[in-house]
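Keep it short and plain.

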Amino acid sequence: MTYSTPGAAHHKGLAALASRYIDVAAMPWVDLPFRGVKGKILLMDDERGVLTALVHMDPGSEIPFHEHTGIEQTLMLEGSLVDHDGECRAGQYVWRPAGNRHVAKSPNGALMLVMFESPNTYLEGALKGVTMEALMKGRV
C-alpha cells in the first residue's frame, strides 16, 4: 500500500484493509514557507501525489502563484479563501480542475480541508518548480 499518514506510528503493522484512525488534534502543524500558512497531512500517496491536508492560514496570508496539476477540492471550515475567480467562505466548497492557476489569499484567515489528486507546482519566485507535497514533508 502506498497510502499513509506521516507520523502515525500506530498504523504500522495494521492489516492491509484495516481502518486508519487519526487523532488530528494531536498531530503537529507543519510550517510552510509562506508567512502564516501551516498544514497537517492526513493522507498521502507518494507514488501518485494524492494528498489530503488540513491547512491553516493566518489573516493576510497567501499561497503564491501555483498550478493544480490534478483536481483540487477545498472544504472551507473557518474563514475564507479568495482568488481571481471568487471567494470560498466557511461552510462552502470549491474545486478546481487540472491546469487551474491562481494565487490563494486569506484576508481574514482560514481553516480548510484540502484534497489534491496530484501535486501542485509553484510557478514563481524561490519555490518555482517545487510541489506542495515536498513542502509539507519538509523536503525543501
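Arg 101 and Glu 67 join their side chains in a salt bridge, with 2.9 Å from N to O. Arg 101 belongs to strand S9 (residues 101–106) and Glu 67 to strand S5, so the pair ties together parts that are 34 residues apart in sequence. Arg 101 is partly exposed, because its relative accessibility is 41%. The model is a predicted one.

Why can such pairs form? Side chains of opposite charge can pair when their charged atoms come close. The count for this model comes to 5 salt bridges.

## A buried charged network

Arg 96 and Glu 72 also meet through their side chains in a salt bridge, at 2.8 Å from N to O. Arg 96 lies in strand S8 and Glu 72 in strand S6, so this pair ties together parts that are 24 residues apart in sequence. Are these two residues buried or exposed? Arg 96 has a relative accessible area of 6%, so it is buried. Glu 72 has a relative accessible area of 5%, so it is buried too. The cut-off for buried is under 20%.

Arg 96 has another partner. The side chains of Asp 83 and Arg 96 form a salt bridge at 3.1 Å, N to O. Asp 83 is in strand S6 and Arg 96 in strand S8, so the pair ties together parts that are 13 residues apart in sequence. Both Asp 83 and Arg 96 are buried. Through shared partners, salt bridges join Glu 72, Asp 83 and Arg 96 into one network.

## The nonpolar core

Now turn to the nonpolar residues. The largest nonpolar core has 22 residues. Which of them touch the most other members? They are Phe 34, Val 37, Val 55, Met 57, Ile 63 and Met 112.

Ile 63 sits in strand S5 (residues 61–68). Its relative accessible area is 7%, so Ile 63 is buried. Setting aside residues up to four places away in sequence, Ile 63 touches Phe 34, Val 37, Met 57, Val 103, Ala 104 and Tyr 122. Ile 63 and Gly 39 are 24 residues apart along the chain, and 12 Å separates their C-alpha atoms. Val 37 has its own set of contacts. With residues up to four places away left out, Val 37 touches Val 30, Asp 31, Leu 32, Val 55, His 56, Met 57, Ser 61, Glu 62 and Ile 63.

## A nonpolar patch on the surface

Some nonpolar residues are on the outside. Ile 71, Leu 75, Leu 77, Tyr 93 and Trp 95 form a nonpolar patch on the surface. Together they have about 470 Å² of accessible area. S6 and strand S8 (93–96) are the elements that give two or more residues to this patch.

Where is Ile 71? It is in the loop between S5 and S6. Ile 71 is partly exposed, because its relative accessible area is 32%.

## A buried threonine in a loop

Thr 5 is in the loop between strand S1 (3–4) and strand S2 (30–31). Is Thr 5 buried or exposed? Its relative accessibility is 9%, so Thr 5 counts as buried.

The side chain of Thr 5 reaches the backbone oxygen of Leu 42 at 2.5 Å. Beyond residues up to four places away in sequence, Thr 5 touches His 11, Ile 22, Met 27, Ile 41, Leu 42 and Leu 43.

## Towards the end of strand S11

Thr 121 lies in strand S11. At 22% relative accessibility, Thr 121 counts as partly exposed. Apart from neighbours within four places in sequence, its contacts are His 66, Glu 67, Thr 69, Gly 129, Val 130 and Thr 131. Thr 121 and Phe 65 are 56 residues apart in sequence, and 8.9 Å apart in space from C-alpha to C-alpha.

Gly 129 is in the loop between strand S11 (120–122) and helix H1 (132–136). Gly 129 counts as exposed, because its relative accessibility is 52%. Neighbours within four places aside, Gly 129 is in contact with Thr 121 and Tyr 122. Gly 129 and Glu 67 are 62 residues apart in sequence, yet 10.0 Å apart in space, C-alpha to C-alpha.

Notes: Residues are numbered from 1 along each chain as its sequence is written. This is a predicted model: local features need pLDDT of at least 70, side-chain atom pairs count only at pLDDT 80 or more; totals for chains, interfaces and linings use all residues. Side-chain values use heavy atoms; hydrogens and water are left out. Helices (H or I, at least four residues) and strands (E, at least two) are DSSP runs, numbered from the N terminus. Buried means under 20% relative accessible area, exposed over 50%, partly exposed in between (1.4 Å probe, protein chains only). Contact means heavy atoms within 4.5 Å. A nonpolar core is a set of buried Ala, Val, Leu, Ile, Met, Phe, Trp, Tyr and Cys residues joined through side-chain atoms within 4.5 Å. Patches are made of residues with over 30% relative accessible area and no salt bridge: like charges are joined within 9 Å, nonpolar side chains (Val, Leu, Ile, Met, Phe, Trp, Tyr) within 5 Å. Accessible areas come from the Shrake-Rupley method with a 1.4 Å probe; for residues, only the protein chains shown count as cover. A salt bridge is a side-chain nitrogen of Lys or Arg within 4 Å of a carboxyl oxygen of Asp or Glu. A polar contact is a pair of N or O atoms within 3.5 Å; within protein, one must be able to donate a hydrogen and the other to accept it, and residues adjacent in sequence count only if both atoms are side-chain atoms.
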